[in-house]
Amino acid sequence: MAADQRLGDLRRQVVFFFFLLGVFWETGARQILYSVPEEMEKGSFVGAIAKDLGLEPRELSERGARILSGGRTQPFVLDVRSGSLVTADRIDREELCAQSLQCLIGFELLFEDRMDLYSIEVEIKDINDNTPGFQAQELDLKINENAAQGTQFGLPSAWDPDVGVNSLQNYQLNPSDHFSLLVRTGDDGAKYPRLVLEQALDREVEPVYHLILTALDGGNPALSGTSRIRVIVLDSNDNAPVFTQSVYHVSVPENVPVGTMLLKVNATDEDEGINGEVTYSFQNLKRPVSDIFYLESHKGEILTKQSLDYEKAKLYELEIQANDGPGLFGSAKVAVKVMDVNDNAPEVTITYFTNSVPENSPPGTIVALFNLHDRDSGENGHVICSIPANLPFKLQRSLNNYQRLVTEGVLDREQISEYNITVTASDQGTPPLITVTQLSLRVTDINDNPPSFSQTSYSAYIPENNLRGSSIYSMTAHDPDSEENSRITYSIEGDVHRNYVSINSETGVLYALQSFDYEQFRDLQLQVIAQDSGDPSLRHKVSLTLFILDQNDNAPEILYPTFPTDGSTGVELAPRSAEPGYLVTKVVAVDRDSGQNSWLSYRLIKVTEPGLFSVGLHTGEIRTLRAFIDKDTLKQKLLVAVTDNGEPSLSTTVSITVAVADSIPEIFSDLSNLEAAKSSDDSSLTFYLVIAVATVSCLFFIFIIILLTLRLCQCRTSQLLESTNDCVGAVPDIQFAGIEGVQAFLQTHSHQISLSTDSPKSQLIFPQPNYAETLLNIQSCDKKESLTTKQLQECKDESTFLQVS
């Protein structure tokens, strides 16, 4: 292996030296040799092509370097990034070269810019990846008991697909007193095991011997295969079969039908009876050959099991053994020579072809490069190529069997815009075989077509909260030109888009630079430009509108009820006499999302008294389900959940405290009782609050009494009625009927109350017109003094805003 490696290095140095000296510049030919072991993984390094050619890796791509397959699957590919030759798949040397001692894979490297060709050969080194194997795992060997000491008997040979030191090297036999092993080397270097009788046999003492034959190769580590041999001792048989010839020769054409008898061998045995009955069998036949030929065991006829192919194998050597009944044998060899026939038409493999050339192409412009190959040999494989004479093209010979089709005259698109070129390849066989290839060549103009989109404008819908860097849309333009004139790059016009989207200049795929928010903006207008690479380049612009789709990413927001900024809890008022369905309050909420994501529903999730309140599913109105009873607590706490209709839905909760009482004094009386349980630090504050509430309550009852008295006075005296009409103008014109009338009056006049048992401060606010203003007006009327409109207005201005803290 070290010697082979040194030989490979020396060859590469020689090739590189000639490359530097500029050898073969006239034909453009180069030759590089690499060496690589088999069974390497896909993508394994084979050789530094760029370095050995004196090029930079990027020049391979710029010059259009590629491997010519010649219609065959190549086990190597060119990595233009690193400038290296790598394996295209796992390489099996035995599959490529069978038993050949040297396995060379040859191909050509083409540079399209100048149509330079380089011949490259890769030697596949064998590794020890195959175990020696026998055709039969078990063998019965019959030996006559009177066999002389030192007699040799043929044993089955093993077969190892590897070559060289990795192939079959030796045999071993398990220790035995009666037998030993002799290994002979044939003219072809193959090892043939022979069993040697060391001691005389006695069938009556031991009729059967069990031996194990082991085949070893020379790999490191060595691999082995075994065959079990059963030696059956027979009675006396003193004549072995003898063939009429030691070597048989036969020549057959490769196109003989399957099942054709090629040869009949004959062996005779002078013994009589079972000792003289001869049977025939193949010996030491390797697996591929055993699938091609069949030997009739009793007649000695050799027939074909598969079609012969001269291109695969030209000669087969077969070893035939004739065995008599007791086990004596004779052997002979058969050489089958396969003769070639003209059964393969020439193969024309187009390596490079441009279906269009510009009309200003100069003479000598390369149109096509193709390889001519015929699998036959001799005259049957000699190929001649031609094209019609009335065309402005000609053929030029290149490296090996490659031919170039180049322009010979000036092309004029206005006269002829398309040529149909017939390439005829003919071999020299009898009769000759012909392959015709049609090439259609179009003469084109220069870059006169701009890129175009399939639509005049585009629109795309993108859900908000998208991932940054994700693709959101793809733009594709088409250019009827070819090659560089049709290579399109994409861009976005202007700088507005820079913070939002970017576009891949090669593919036209748009990417989001940030996560979009429907609540910030709902659409984005862009101008996408497609520009070809012609000289001069042409461009086309199209508008793209990105519409942002809403997602449910905002929870509902509570607008009402709102709570005081001092941290206290707001209180809603509900009279004890409220009928079922009484509107206590209304929860008002909004959702920043749109569509069904903003549809809100309300539900109670926690109440102090179950079954006392209900909330409108879509209105948020909190109403009583039944009348209040004495055992209901003064302060009812409700927890309302507001849920949107998104998927998944989002929700917000709000806590509402409802104070139950028939009158405002009762509310403050109950609240004062609750406040009495506070700490000693808050006792004085609570005391003043109670006094204030009591004072307001007294004024309220005085107002009611005066109001009733006025109504009675109206009925008695019209003069009194006239003198008081202007004074009580601020009092609403409402009919009262006992306590129910008072309740109606309270409901008619707006009031706002904020009570909290958890806060040291409570607020009671009466907006104008309020009860204090009404009391002042009535007190003035009790004095029976005439009040002017101006005085009445001053009365209103002096109304106070009562806040109890």
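This is a predicted model: local features need pLDDT of at least 70, side-chain atom pairs count only at pLDDT 80 or more; totals for chains, interfaces and linings use all residues.
1. The charged end of Arg63 sits over the ring of Phe111, at 4.4 Å from the ring centre.

2. Aromatic pairs are worth a look while you are there: searching the whole structure turns up 14 of them. Phe111 takes part in one with Tyr118; the ring centres are 5.3 Å apart and the planes stand at 80°, so this pair is edge-to-face. Tyr118 has a relative accessible area of 3%, so Tyr118 is buried too.

3. Tyr500 and Phe521 make another pair, with ring centres 5.2 Å apart and planes at 75°, so these rings also meet edge-to-face. The two residues come from distant parts of the chain, 21 residues apart: Tyr500 belongs to the loop between strand E38 (488-492) and strand E39 (501-503), while Phe521 belongs to the loop between strand E40 (509-512) and strand E41 (523-532). How does burial compare with the cut-off of 20% here? Tyr500 has a relative accessible area of 23% and is therefore partly exposed, whereas Phe521, at 18%, is buried.

4. Two further aromatic details may be handy when you browse the model. Phe453, Tyr458 and Tyr473 form one aromatic cluster. Elsewhere, the charged end of Lys314 sits over the ring of Tyr310, 4.9 Å from the centre of that ring.

5. Next, the second largest pocket, which holds about 980 Å³ of space. Its lining consists of 28 residues, and those nearest the pocket centre are Arg72, Thr73, Leu96, Ile105 and Gly106. Helix H4 (93-97), strand E6 (104-111), strand E7 (116-125) and strand E28 (366-373) are the elements that give two or more residues to this lining. Which of them gives the most? That is E6, with four residues.

6. Which residues does Tyr602 touch, apart from neighbours within four places in sequence? The contacts are Val587, Val588, Ala589, Val615, Gly616, Leu617, His618, Thr619, Gly620, Ala641 and Val642. For Ala589, which is 13 residues away along the chain, the C-alpha to C-alpha separation from Tyr602 is 9.5 Å.

7. Strand E19 (residues 261-264) contains Leu263, and a relative accessibility of 15% is why Leu263 counts as buried. Setting aside neighbours within four places in sequence, Leu263 contacts Tyr248, Gly300, Glu301, Ile302 and Val334. Val334 is 71 residues from Leu263 in sequence, yet their C-alpha atoms are 8.8 Å apart in space.

8. Finally, some context for the whole protein chain. There are eleven helices and 53 strands, and 43% of the 805 residues are buried. Of the contacts between residues at least 6 apart in sequence, 67% join residues at least 24 apart. The contact between Leu263 and Val334, which are 71 residues apart, is one example to view on screen.

Technical notes
Residues are numbered from 1 along each chain as its sequence is written. Side-chain values use heavy atoms; hydrogens and water are left out. Rings of Phe, Tyr and Trp (its six-membered ring) pair if their centres lie within 6.5 Å; planes under 30 degrees apart count as stacked, over 60 as edge-to-face and the rest as tilted. Buried means under 20% relative accessible area, exposed over 50%, partly exposed in between (1.4 Å probe, protein chains only). A charge sits over a ring if NZ of Lys or CZ of Arg is within 6 Å of the ring centre and within 35 degrees of the ring normal. On a 1 Å grid over the protein atoms alone, a cavity is a set of points where a 1.4 Å probe fits but cannot get out, and a pocket is an open set with protein on both sides within 12 Å along at least five of seven lines; lining residues have an atom within 4 Å of a point. Grid points are joined across faces, edges and corners, and a volume is the space filled by probe spheres set on the points. Contact means heavy atoms within 4.5 Å.
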